[in-house]
Amino acid sequence: MTSSIAPGASPAISQQFLTFSLASELFAIPIEHIREIIEFGGLTQIPLMPVFLRGVINLRGAVVPVVDLAARFGRAATEVGRRTCVVILEVTQDERVLPLGVLVDAVNEVITVEADQIEPTPEFGARLRAEFILGMLRLSERFVIALDIQKVLSVEEMTQLAVTEELEPELAATLAVTDQGF
Amino acid sequence: MDEPDADTPPESARPHKLGGDITIFRATELKDDLMQALAVADQYLDLDLADVQEIDTAGVQLLLSTQLEAAVQQKPLRCLNPSPQLVAVLAMLNLTDRLLAGDGA
Amino acid sequence: MDMDMARDALVQEARELLDAMEAALLQIEASGADSEAINAIFRAAHTIKGSAGLFAFNRIVSFTHIVESVLDRVRTGKLPIDAPMLSLLLNCGDYIAQLVDAIAARVEEVEPDPARRAELEEQLNQLLGEPAQTHAAPAPAPVASAIPAAQTSVVEDPVNSPYWHLSLRFLPDVLRMGLDPLSFLQYLGNVGTLLNLRTLPEGLPPLAQLDPEQAYLGFELDLQSEEDRAAIDGVFDFIRDDASIVILSPHAPMHEYRTLLALRPDPQMLAEVLAQGTLTADEAARALLPPEETVESVPVNAPVVMTETAAKAPAARQGEDKKGGYEQKFIKVEVSKLDLLIDLVGELVIAGAGASLIANRRKDSQFEEAVQSIAELVEHIRDAALNLRMVPIGEVFQRFPRVVRDISHELGKEIDLVVTGADTELDKSMVERLSDPLMHIVRNAMDHGIEATEARLAAGKPAAGTLRLNAFHESGSIVIEVSDDGRGLNKARILAKAIERGLVTAEQSLAEHEVFRLIFEAGFSTAEQVTNLSGRGVGMDVVKKNIESLRGEVEMLSTEGAGTTVRIRLPLTLAIIDGFQVMVNESIFVIPLDLVIECIDLAGLDGHHDIVKLRGEPLPFIRLRELFELPRLEHGRESLVVVQFGQQRAGLVVDRLLGEFQAVIKPLGELFSRIKSISGSTILGDGKVALILDVANLVHQAVQQQAAPQNSKAAGSLASPQKSNG
């Protein structure tokens, strides 16, 4: 289990999450990674990149890559709509903090979640690699998958995938979705 | 009157007091003062320097020049009771032996 | 004073001094002893000791003190500067560097290597314990440099006094002007300790004739001080114009005292005064006598060295740069400040592009002209700013004389190093990352390339092998070559090894340069033995990776039996370039302008072209649209952009030409690091990101395709075409 929140653990360490949707599914990211949210636009595609590396944008003079989360999870590429936006996150890599954007269908809201509302990742059925998941947030009517953004946006893994993509696109697709040794 | 004892400096007129700031600001006045003192001195020109405060180049020159003049007039200069400030300055200039030796130079 | 900053400054200064010391030692080794070099070495040790003393870094102070004592004896001719001495001093310099490293790492209380230190101290103390034998003063070596004659041809012994000597005389009116010599003397006491002070009342008249407000006294004194000349000289700033201030440095050469005596009214008296503490009786006597040496040793310049106004010349002696015989003034700048400037210039370039774009759309010619002049100025600023980052590659090369010397000793081979093109400039950021790869290559060349002496003689070669480091600029790149005249590369052996390692199959026929390129494959080695020095001859794959991470390339050229050259090519700038925008499908790409030779419009030509001939020569080319798998543009005007990288040319077929502009290079980041054809990105005037093409890679691809068209994607996939562009 790679969950990094202790579910059901002791006294109120409430955390804040941003929730957003990919197709019809709701996901959440802890807000400490989030730098800003911007409208989708001005994306430059990079040739010969896998689908989930959507391209790069100009963020006040810095060239920031944009990842299509849906595609990263092995689903269909995000179709750009009215509410499509890019969430700019900060990811740590080799002791450096890098900005990375993720493409989402829509952004919902910031919620505060108490420690006891966080449940461990289910054994199966999540349709997502276990290590991508921090835990399940139990909200009033539904569960929301909280993502471990460091794992999802592991630069190392994505770079490797980019290379594999060049050589064997199908293999790359499989690797994106399943555990390596599965 | 006793024979002058070789060890004791002979009597002379009361030592001339030179005090305050021995600096360029009073240099001209002090020169006159010293010439006067030399004129009335008997066998030695004794200067009481206990009250010397500040002393600058002009002041040091006055002392040295007075010493020369005193030698010319055969009335050797004796610097008595030098103030600490004076001692320090003369030490820095390596003039202690020359001016504060005790017997007139 | 900020302790950290002061410590860093000390470390930096010490390292520079140690470099100078090492260079001087090597120079003596190569061309014989000369007093200038010896003095430089002494001053280095002395200054390091002094500075370290200010911070009470006692370990380095005590060690350097012993070295300084030995150097002092060398300087005065009491110890010879022979080969063992040179090696010892080089080793001591290394240990001092370790002590400096400890200071930099804030662990100066820990002795870096007690055993080593004890060893060195023993050798040093042995030298000091020997009875002082007077060896002939070091003869000046024919040094080809532009140092003023005053310095190289003085052969006189320096005086014994380890103190500064000051001779002070004042104009009569100084007292009236409100200046007091006594207070200057007291102030001098802040800079050091006054010793042997003599008040000279010679000009003083008896009281009757005394002008009480006139200055008559002169002073001669010694000063014990760790400060430099500038600090001591600075004490007299306010009185300089009305006084004669002569300052002689510790162990000043005899002729300076001679000149001082000549300068002052009563040399005889002054010599007696000096003999009372400053000089020995013998020295004082000699100072009165005319010099034995020729006129050269007391040049007209010498008084300039000592007069009140020219404290500059002595300062110049403290081991300044001697580049090409003219003075270069330098200023130290923090790298971060420079980077900030470059960033801002980058922003300026982008903003300027934005303004140009708007001006174009407005169709306002006055506005366009104004923006145009701004753009030109920005380009000049850009070039000037980028130039600040350029440093001569000599900085990288400078450690190699020592390295080559040490390694050639270890290997027992005679190897000479020849360095050319050291003033070829490259971007500062590359300098550090180039050092290791070059080191590897040099070690390889020395270890595996150059043969042992007997083998060389047997082959009819000179006994000493030659290693050459060369650098020059070529079409937008800097080329660095490491050449040796050793045994060269054995193609057959390399091929055999590669087959053995499974890198190639026996059936493949490879051109010579392809065979040599195998050496850069990981896990490859043709070294028969494992040596301590360069491992198994590996590192070449690491070298290649390092060079490629600098967006450069490396290749090997060789003639068997004659020698090998490793050639590295690196881009000149990393920050801002002149770019040429092109369109491929709907995407904008940028090509570095200085790699573009010409553009040819293909629109008027019919059919689909497989082969392009440029003035009779077939030109390898790539259709970028196909390479990037982008759809065909309906109404594009296909053009061919001819680019050159190194010696090779290729054509890039694009859908539209857009024009020149200044591109501020923004790195793409690791995510996209594996893409071969893209080297970076830039921001256009409208704020969108455009990708910069990696011309080197594309040229390679084009050339490869030309050789083996069936392997490529982009060299024409349609059936028919034999039409060629004449």
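Colleague: How many bridges join S21(C) to S22(C)?
Modeller: Helices (H or I, at least four residues) and strands (E, at least two) are DSSP runs, numbered from the N terminus. Two strands pair if DSSP finds at least two bridges between them. The number of bridges joining S21(C) to S22(C) is five.

Colleague: What kind of model is this?
Modeller: Residues are numbered from 1 along each chain as its sequence is written, while chains are lettered from A and ligands numbered from 1 in the order in which they are written. Local features need pLDDT of at least 70, side-chain atom pairs count only at pLDDT 80 or more, totals for chains, interfaces and linings use all residues, and the model itself is predicted.

Colleague: What is the average twist from one strand to the next in the closed barrel of chain C?
Modeller: The barrel has five strands, in the order S12-S13-S22-S21-S20 (chain C), and its pairing is mixed. The twist from one strand to the next averages 50°.

Colleague: Which strands of chain C each supply at least two residues of the side that touches chain A?
Modeller: Two residues are in contact if their C-beta atoms, placed from the backbone, lie within 7 Å. By that rule, 22 residues of chain C are in contact with 19 residues of chain A. The strands of chain C that each supply at least two residues of this side are S21 (678-683) and S22 (689-693).

Colleague: How many residues on that side of chain C are charged?
Modeller: Ala, Val, Leu, Ile, Met, Phe, Trp, Tyr, Cys and Pro count as nonpolar, Asp, Glu, Lys and Arg as charged, and the others, Gly among them, as polar. The side of chain C that touches chain A has eleven nonpolar and five polar residues, and its charged residues number six.

Colleague: Which helix gives the most to the side of chain B that touches chain C?
Modeller: Here 22 residues of chain B are in contact with 21 residues of chain C. Helix H1 (27-40), helix H2 (57-72) and helix H3 (84-92) of chain B each supply at least two residues of that side. With ten residues, the helix that gives the most is H2(B).

Colleague: Which strands stand at the edges of the open sheet in chain A?
Modeller: The sheet has six strands in the order S8-S1-S2-S11-S10-S9 (chain A), with mixed pairing. Two of its strands have a single partner strand each, so one side of each is left without a neighbour in the sheet; these are S8 (106-113) and S9 (118-119) of chain A.

Colleague: What is the bridge partner of Gly135(A) in S11(A)?
Modeller: Strand S10 (residues 133-138) and strand S11 (residues 143-147) of chain A pair in the antiparallel sense over five bridges. In S11(A), the partner of Gly135(A) is Ala146(A).

Colleague: Is His46(C) buried or exposed?
Modeller: UniProt, in an unreviewed entry, places the feature "modified residue: Phosphohistidine" at His46(C); UniProt positions are given in the numbering used here, feature names are shortened, and annotations may be inferred rather than shown by experiment. His46(C) sits in helix H2 (residues 35-54) of chain C. A residue is buried if 20 or more other C-beta atoms lie within 10 Å of its own, exposed if 12 or fewer, and partly exposed in between, with C-beta atoms placed from the backbone. His46(C) has 22 such neighbours, so the residue counts as buried.

Colleague: How many of the eight residues of strand S9 of chain C are buried?
Modeller: S9(C) (residues 477-484) is joined by eight bridges to strand S8 (residues 465-474) of chain C, and the two run antiparallel. S9(C) also pairs in the antiparallel sense with strand S11 (residues 563-571) of chain C, over eight bridges. S9(C) is mostly covered, and the number of its buried residues is six.

Colleague: At what angle do helices H17 and H18 of chain C pack?
Modeller: Axes are lines fitted to C-alpha atoms, for helices over the stretch in contact, and angles run from 0 to 180 degrees between N-to-C directions. H17(C) covers residues 400-411 and H18(C) residues 428-449; their axes are 11 Å apart, and the angle is about 35°.

Colleague: How far apart are the C-alpha atoms of Leu417(C) and Pro401(C)?
Modeller: Leu417(C) lies in strand S6 (residues 415-420) of chain C. Not counting residues up to four places away in sequence, Leu417(C) touches Phe400(C), Pro401(C), Val404(C), Leu467(C) and Leu469(C). Leu417(C) has 19 C-beta neighbours inside 10 Å and therefore counts as partly exposed. Leu417(C) and Pro401(C) are 16 residues apart along the chain, and their C-alpha atoms are separated by 6.7 Å.
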